[in-house]
Amino acid sequence: MTLQATIESIGHIITPYKTISDCPRNINPEGPLCKIVIKDDLRDGLLGLSVGQKILILYWFEQVERALLRQHSRRSGELKGIFALRTPNRCNPIGAAVLPIEKIEDGIISVRGLDCLDGTPLIDIKPAKSGE
């Protein structure tokens, strides 16, 4: 079955990372401050979010190899399938992070430690369940 879907970004992410080699291997809640910028016409959707609350952030990795199905783990060097790794190289390069909100101001959510390039398209934000 082939699924045809259209995903529109709801904003973008500001990080200190300009190249893939600059990006960390994974999210780090104690990493650098990152900003999630929501499009102006969608800012009302932030109502109810609060500082300290954990959110699930979904974003679209760019500059990745979408046809790659196996690669060597950066940690162990072992050859593994992409579904066994947190690599950004994926058929559908969707990144996900659960992080606490540091600040919300003027349609911008601040969090720490995202693992994506500056300017990465934002797909969605959802409240994270406690314990995630």
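User: How do the residues lining the second largest pocket divide into nonpolar, polar and charged?

Analyst: Seven are nonpolar, two polar and one charged. Ala, Val, Leu, Ile, Met, Phe, Trp, Tyr, Cys and Pro count as nonpolar, Asp, Glu, Lys and Arg as charged, and the others, Gly among them, as polar. Keep in mind this is a predicted model: local features need pLDDT of at least 70, side-chain atom pairs count only at pLDDT 80 or more, and totals for chains, interfaces and linings use all residues. Residues are numbered from 1 along each chain as its sequence is written, and side-chain values use heavy atoms, with hydrogens and water left out.

User: Which residues line the second largest pocket?

Analyst: A5, I7, E8, S9, W60, N92, I94, P121, L122 and I123. Strand β9 (residues 120-127) gives the largest share, three residues. Strands are DSSP runs (E, at least two residues), numbered from the N terminus.

User: What counts as a pocket and its lining?

Analyst: On a 1 Å grid over the protein atoms alone, a pocket is an open set of points where a 1.4 Å probe fits, with protein on both sides within 12 Å along at least five of seven lines; lining residues have an atom within 4 Å of a point.

User: And what lines the largest pocket?

Analyst: 23 residues, with R25, R74, R86, T87 and P88 nearest its centre. The lining divides into nine nonpolar, eight polar and six charged.

User: Switching topic: how many helices and strands?

Analyst: Zero helices (H or I runs, at least four residues) and nine strands.

User: What are the spans of the C-alpha trace?

Analyst: About 45 × 35 × 30 Å along the principal axes.
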